[in-house]
Amino acid sequence: MEKDVQSSKHRDGFSSKIGFVLACIGSAVGMGNIWLFPYRVGQFGGAAFLIPYVIWVALIGFTGVMGEMAFGRAMGTGPLGAFKKAMERKGKKHGDLIGLIPAIGSLGIAIGYSVVVGWILRFTVGSITGAMVKAPDSGAYFGAIAGNFGSIGWHMAALILTFIVMTAGISQGIEKMNKFMMPTFYVMFIILCVRVAFLPGAAKGYTYLLKPRWGFLGNPKTWIYALGQAFFSLSLAGSGTVVYGSYLKKTEDVVDSAKNVAIFDTLAAMLAALVVIPSVFAFNLDPASGPPLLFITMPEVFKQMPAGFLFAALFFIAVLFAGVTSLVNLFETPIEALQQRFKFSRTKSVIIVGIISAMVGIFIENGDVLGKWMDIVSIYIIPLGALLAGIMFFWVCGCGFAREQVQLGRKKPLGSWFEPMTRYVFVGVTILVYIAGIFYGGIG
């Protein structure tokens, strides 16, 4: 086993458990928590939606995150190297070619996501300067950058900001960034929650969000969309969490770490919902506006709110932190792959990925291309990457190996739940996510 499970002596890594957990939370907390979760809760039964959501987080989120962490740590590398080592344990070759699937998926979604982070950066600056709140038409303000090639400058600035952090490495770059950004994100949203609670009319939003409409539990779509929300919100893709796990010390408890990620990701989603939905209702705006909720509806809320410029700045700074921490995780997979496969330096790997991302990213800023790009990657590649990682770790490597690697650093022995929950429930449900995503045209 030692021959198969080893990593470079000079490999960078997380210096502390809290740094690792915050980085994983940062990868999970993103746009899906801030605009999609509040929308889904309202769309599918209010508090009733939380029942299937929490069930799916417990069933697949916890086991999936735990498995990807342990898989990366066991192999000491990202998906290319991890899949290769897993196949070699069975005497098979070309596992690294299979590992290209989650790596390509991670790069693909990062390229599209970087365009959105560029928009967020523009709104963050606009909220700080007051230009966003002063704009007479929020729709036109957003349309100016969301149109064809309308945000190239902000897009490039978002990439540069992200890659500066990544050039610094794991402990000095990614870990330090998340130690600052993630606690700040939660503090800012707590402040916003308190402020929103005092808005006249906010009570209608709390009713919409928290009153259970039990009839929705009989609708299969409620369960399907709750599954998609849980799956994608926790960044299950067979890529980023595998890579972060490869930087984790053998003495750390991945079960405890995975539990913290699932809990704090769900907490972030609830905080976002408690800010967005009541504030939208307070000013009689549409809570079901979808993606425009973040870039058109919320700016309208801040325009009408006393001291709105201040709370707009808090909101978009927090959203920017969530976007950047997720983007860093997505880009880490292809960067790590270049370092491991071609022995490039980290700086060279960052530059190569940066050039590819900028060139492709500019192309997909054109019209509806971005939406189609994100749909293709999120429906066909991301769930497949997560499924392959689950199969590689829990089936190809074998249940004994998986149990041993998850047990490392854990004082309490794993229970009998481990094998059925990981080999059958997680892998089986991930297959369902893949099929349902194709059938419904995207369930995240």
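Serine 235 is placed in the loop between α11 (220-233) and α12 (240-246). In this predicted model, its relative accessibility is 17%, so serine 235 counts as buried, the limit being under 20%. The side chain of serine 235 reaches the backbone oxygen of serine 27 at 2.8 Å, and serine 27 is one of the buried residues of α1.

**Serine 235 and serine 326**

- Apart from neighbours within four places in sequence, serine 235 is in contact with Ser27, Ala28, Glu68 and Thr241.
- Serine 326 belongs to helix α15, which covers residues 308-342.
- With a relative accessible area of 5%, serine 326 is buried.
- Residues up to four places away in sequence aside, serine 326 touches Gly26, Ser27, Val29, Gly30 and Tyr113.

- Helix α1 has twelve residues and reaches 17 Å from its first C-alpha to its last, close to the 16 Å expected at 1.5 Å a residue.
- Ten of the twelve residues of α1 are buried, so the helix is largely enclosed by the rest of the structure.
- The buried residues include Gly19, Phe20, Val21 and Leu22.
- Serine 16 caps the N-terminal end of α1, with a side-chain oxygen 3.1 Å from the backbone nitrogen of glycine 19.
- Glycine 13 lies in the segment before α1 (17-28), and this glycine is buried, with a relative accessible area of 18%.
- Although glycine 13 and tyrosine 247 are 234 residues apart along the chain, their C-alpha atoms are separated by 4.2 Å.
- Leaving aside neighbours within four places in sequence, glycine 13 is in contact with Ile170, Ser171, Glu175 and Tyr247.

**The nonpolar core**

- The largest nonpolar core has 151 residues.
- Ile34, Phe71, Phe185, Phe315 and Phe331 are the residues with the most contacts inside this core.
- Not counting residues up to four places away in sequence, phenylalanine 315 touches Ile34, Phe189, Leu192, Val275, Val276, Leu294, Met298 and Phe302.

**Aromatic rings**

- The structure holds 37 aromatic pairs.
- In one of them, the rings of phenylalanine 315 and phenylalanine 316 have their centres 5.1 Å apart and their planes at 90 degrees, so the pair is edge-to-face.
- Phenylalanine 315 and phenylalanine 316 are both buried.
- The rings of phenylalanine 342 and phenylalanine 344 have their centres 5.5 Å apart and their planes at 20 degrees, so this pair is stacked.
- Phenylalanine 342 counts as partly exposed at 47% relative accessibility, and phenylalanine 344 also counts as partly exposed, at 24%.
- One aromatic cluster includes Trp119, Tyr141, Phe185, Phe189, Phe302, Phe315 and Phe316.

**Charges over rings**

- The charged end of arginine 89 sits over the ring of phenylalanine 401, 4.1 Å from its centre.
- Arginine 423 lies over the face of tryptophan 395, at 3.7 Å from the ring centre.

How values were computed
Residues are numbered from 1 along each chain as its sequence is written. This is a predicted model: local features need pLDDT of at least 70, side-chain atom pairs count only at pLDDT 80 or more; totals for chains, interfaces and linings use all residues. Side-chain values use heavy atoms; hydrogens and water are left out. A nonpolar core is a set of buried Ala, Val, Leu, Ile, Met, Phe, Trp, Tyr and Cys residues joined through side-chain atoms within 4.5 Å. Buried means under 20% relative accessible area, exposed over 50%, partly exposed in between (1.4 Å probe, protein chains only). Contact means heavy atoms within 4.5 Å. Rings of Phe, Tyr and Trp (its six-membered ring) pair if their centres lie within 6.5 Å; planes under 30 degrees apart count as stacked, over 60 as edge-to-face and the rest as tilted. A charge sits over a ring if NZ of Lys or CZ of Arg is within 6 Å of the ring centre and within 35 degrees of the ring normal. Helices (H or I, at least four residues) and strands (E, at least two) are DSSP runs, numbered from the N terminus. The expected span of a helix is 1.5 Å times one less than its number of residues. A polar contact is a pair of N or O atoms within 3.5 Å; within protein, one must be able to donate a hydrogen and the other to accept it, and residues adjacent in sequence count only if both atoms are side-chain atoms.
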